[in-house]
Amino acid sequence: MRLFVTATLAVASLLLGSWSPVWATPSPRWVTAWSAAPQGPSTVSGSGAETFSGYEYTLAAQQLVPPPAAFDDQTVRQVMYLHFGGGALRIQLSNEFGTQPVHFGAVSVGLRAGDRGADVAPSTTRPVTFGGARALTIPVGRNVLSDPVDLAVAPLQSVVLSIYVPGPSGPATVHGNAQQTFYTASGNQADSSTGFGFLPHGDTSTPFTATATTAYYWATGIQVAATPSPGHQPRTLVTLGDSITDGFYSSGDTNRRYPDALARRLLADPRTNNVSVVGEAISGSRVVRDGIGPKILDRLDSQVFSHPNVAGVIYLQGINDFGTAVGQLPAATADEVIRGYQQVAAAVHARGLPIFIGTMTPAGDLLKPAPYGFYSTPDANAKRNAVNQWLRTTGRTVFDGVIDFDQVVKDPLFPEHFALRYDSGDSLHPNDAGYQAMADSIPLEFLRRISGS
């Protein structure tokens, strides 16, 4: 469980108090507008060979177009696409998987200038403070939440977060598969509005390289202070899962993951435009056992229940339990995954929240196997189909609803395969059109329940 260190301002509490005149503007309501699940070294192997994200993967892939594993006297500049707007921000940073305390000399945030590059829009750079101080040290295993930052943001706007690391950081807590270029510069450039001197990292020219070479560092959440309206309270919807929720093989720098597409859909509909969608996904993660990142029950407190004003969950996971990566054996049984699903549903319902689950999407077969052949064996496909059948029947009584993602993206003539128009090319992950189709397929009644409309 994460332990949040939240800076509070005594002056604010004195000013706000419990009384306000009837004509006062409603108090803002915090929701999460962007998130990235933190990762670190593989929990099951020291080789790093089976890991597609995290510190060990970074070391193994230095000859590709690697994200750095650690930083020293550098400013790390990252771009975040916000799914909701508000009048102020709070930044969450994590050293959950670090091996030493990490010190940051300065942190700043600003609106991105244009759709590319590392430039900050003029006059929008704001210092980010923690307990009133710009510099902070985060102990190993800890997370921090900043003071409110006076910066108004619009829905679907990108912000630029700059973190100055004055000394050796040690292995950085990371979210692999960011699908977003990030930048570094020598020295303290946190408050610089220009991108001059910042070097881009990650090759986003293809979905494959965007997946393999991009990452987010230390940043795990951005919250916004949204203004409620009568009967229309801002809320957070958590999309929880593995690489398919993470946008694996979506186009880099274009925000084409299915949670991005869902956020745009919700904001366009006045019945659901009070809901912010956040992605809490780890590529390679699993239901039953630790894989790349902790098993799902060990992620709920930090990646679901910690969000402000969370109103519901959409969950998609299980494919990695059957097509497990080399070094992460044994594979789970269908019954084990079903029991895991039941435990997840019970935990979410115990918090009074609805949870909707998606059926597992195709994984190829021996005629068209995924590049990871263990996902495409007859045994793996049989277990996937058994779990999907359970979801379509008994699972509807366990969860608040079932979203048949498999039915949406599969080839009707070859049901173990993605339809060609939705296949990224690896027979395991959707392409941009597939992610859009998934977002469009979620029943409106499920979304309206989360929105409270």
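How many bridges join β3 to strand β10, and in which sense do the two strands run? In this predicted model, β3 and β10 (residues 158-165) are antiparallel and are joined by eight bridges. Two of the residue pairings can be named: Thr-75 has Tyr-164 as its bridge partner in β10, and Met-80 is partnered by Val-159 of that strand.

Strand β3, which spans residues 74-81, also pairs with strand β12 (residues 182-186), again in the antiparallel sense, over four bridges. Thr-75 takes part here too, with Ala-185 as its bridge partner in β12. Seven of the eight residues of β3 are buried, and the strand is mostly covered.

These pairings belong to an open sheet of six strands, in the order β7-β6-β10-β3-β12-β13, with antiparallel pairing. Its edges are formed by β7 (126-127) and β13 (199-201), each of which pairs on one side only. Strands of a sheet pair through backbone hydrogen bonds, either parallel or antiparallel.

The largest nonpolar core comprises 66 residues, and Leu-262, Tyr-315 and Tyr-341 have the most contacts inside it. Helix α8 (residues 334-350) gives the most to this core, contributing seven residues. A second, separate core contains 43 residues, including Ala-33, Ala-121, Ile-163 and Phe-182. Residues up to four places away in sequence being left out, Leu-262 touches Leu-237, Thr-239, Val-277, Ile-314, Ala-439, Ile-442 and Leu-447.

Methods:
Residues are numbered from 1 along each chain as its sequence is written. This is a predicted model: local features need pLDDT of at least 70, side-chain atom pairs count only at pLDDT 80 or more; totals for chains, interfaces and linings use all residues. Side-chain values use heavy atoms; hydrogens and water are left out. Buried means under 20% relative accessible area, exposed over 50%, partly exposed in between (1.4 Å probe, protein chains only). Two strands pair if DSSP finds at least two bridges between them. A nonpolar core is a set of buried Ala, Val, Leu, Ile, Met, Phe, Trp, Tyr and Cys residues joined through side-chain atoms within 4.5 Å. Contact means heavy atoms within 4.5 Å.
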